[in-house]
Amino acid sequence: MFNYEDPSYVQAFIQSALREDVGEGDHTSLSTVPADAKGTAELKVKDRGILAGVELSLAIFKEVDPTLLVQVFIPDGTWIEPGQVVLEVSGSSQSILKAERLVLNCMQRMSGIATYTRSLVNILDGTRAKLLDTRKTTPNFRLAEKWACKIGGAVNHRYGLFDMILIKDNHVDFAGGIKQALEKAFSYAKTLSKPIEVMIEVRNETELDEVLAIGGVKRIMLDNFTPDRLRDAIRKINGRFITEASGGITEKTLRAYGETGVDYISVGALTHQVKSLDLSLKAK
């Protein structure tokens, strides 16, 4: 199971990102900055929003150069304003320059995601519904994006294809129907050495009735239901299964879905339609 607190997972992500950016070496810094030069830089805020990526930045600085000293002034999850200083990093000037872009790319994107996520979580305040992220993430950047959603107040959905059986519309169609898909999923789950949840997406009330007749699932995802249809479906489910709403839900309609009594609402826009926050790392 994915865990942002697993140092080996985070390290693998950072090493891959550094290979992409640094390659055989930072030739600009190597050619212009003396190898023994020491410096200090501040990470400054130029935008408003929820800060995210501080903990990841610490891991990046450590991976680039364990001798770098970092002092954090503002933690993840804090509302930030222009002019504030998030952290200060001191040590090898070449190392600071090597880490600069990866730190900023991660923190700017993560802070944008956390900010938008928090705004949607606030819309749902007072309802029982919890906000979920999705797998609609940037390839090889899912760790950071889902981490940012968590910092913003959302609940992480499955990380990948490996940690849940989630039967969606294409699975149902390729399998030949709801009954066939569920029977095959239940049979397959018994062959695994670990327990795994089975969840299924339904597109209409007929498919919902089929699932309710068969049972055995952990969660039912009601896809592209209007709030009124969703409310009726939740009454029919009557607490027998965890419920999730999905499909085209925006900040304008989110509250209406939250008030239906649904347990979870998944919103792909948390990670695929977000504006990054403006941050900078400047020599002090």
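Because the model is predicted, local features need pLDDT of at least 70 and side-chain atom pairs count only at pLDDT 80 or more, while totals for chains, interfaces and linings use all residues. Residues are numbered from 1 along each chain as its sequence is written, and side-chain values use heavy atoms, with hydrogens and water left out.

In soluble globular proteins, nonpolar side chains tend to be buried together. A nonpolar core is here a set of buried Ala, Val, Leu, Ile, Met, Phe, Trp, Tyr and Cys residues joined through side-chain atoms within 4.5 Å. Buried means under 20% relative accessible area, exposed means over 50%, and partly exposed covers what lies in between (1.4 Å probe, protein chains only). The largest nonpolar core holds 83 residues, and Leu56, Ile220 and Ile265 are the members that touch the most others. Helix α4 (residues 93–123) gives this core its largest share, eleven residues. Helices (H or I, at least four residues) and strands (E, at least two) are DSSP runs, numbered from the N terminus.

For contacts, the cut-off is heavy atoms within 4.5 Å. Leaving aside neighbours within four places in sequence, Leu56 is in contact with Val10, Phe13, Ile14, Cys106, Met110, Ala144 and Trp147. Ser57 lies in helix α3 (residues 54–64) and is buried, with a relative accessible area of 1%. With neighbours within four places again set aside, the contacts of Ser57 are Leu87, Val103 and Met107.

Next comes the sheet. Two strands pair if DSSP finds at least two bridges between them. Four strands make an open sheet in the order β3-β5-β1-β12, and their pairing is antiparallel. At the edges stand β3 (69–72) and β12 (279–283), each with a single partner strand, so one side of each has no neighbour in the sheet. From one strand to the next, the twist averages 15°. Axes are lines fitted to C-alpha atoms, for helices over the stretch in contact, and angles run from 0 to 180 degrees between N-to-C directions. Helix α4 packs on the sheet, where α4 touches β1 (38–45), β5 and β12, and the direction of α4 makes about 155° with that of β5. Strand β3 is joined to β5 (residues 85–92) by four bridges, and these two strands run antiparallel. Within this pair, Leu69 stands opposite Ser90 in β5.

Rings of Phe, Tyr and Trp (its six-membered ring) pair if their centres lie within 6.5 Å; planes under 30 degrees apart count as stacked, over 60 as edge-to-face and the rest as tilted. Three aromatic pairs are found in a search of the whole structure. Tyr159 is buried, at 8% relative accessible area, whereas Tyr9 is partly exposed at 33%. The rings of Tyr159 and Phe162 have centres 6.3 Å apart and planes at 55°, so that pair is tilted. Phe162 is partly exposed, with 45% relative accessibility. Together, Tyr9, Tyr159 and Phe162 form one aromatic cluster.

Two arginines also sit over rings. A charge counts as over a ring if NZ of Lys or CZ of Arg is within 6 Å of the ring centre and within 35 degrees of the ring normal. Arg219 lies over the face of Tyr264, at 4.6 Å from the ring centre, and Arg229 lies over the face of Phe225, at 4.3 Å.

Most residues other than glycine have a negative phi. Phi of Asn140 is positive, near 70°, and phi of Asn238 is positive too, near 55°. Asn140 is in the loop between β6 (130–132) and α5 and is exposed at 73% relative accessibility. Asn238 is in the loop between α9 (227–237) and β10 (242–246), and is exposed at 62%.
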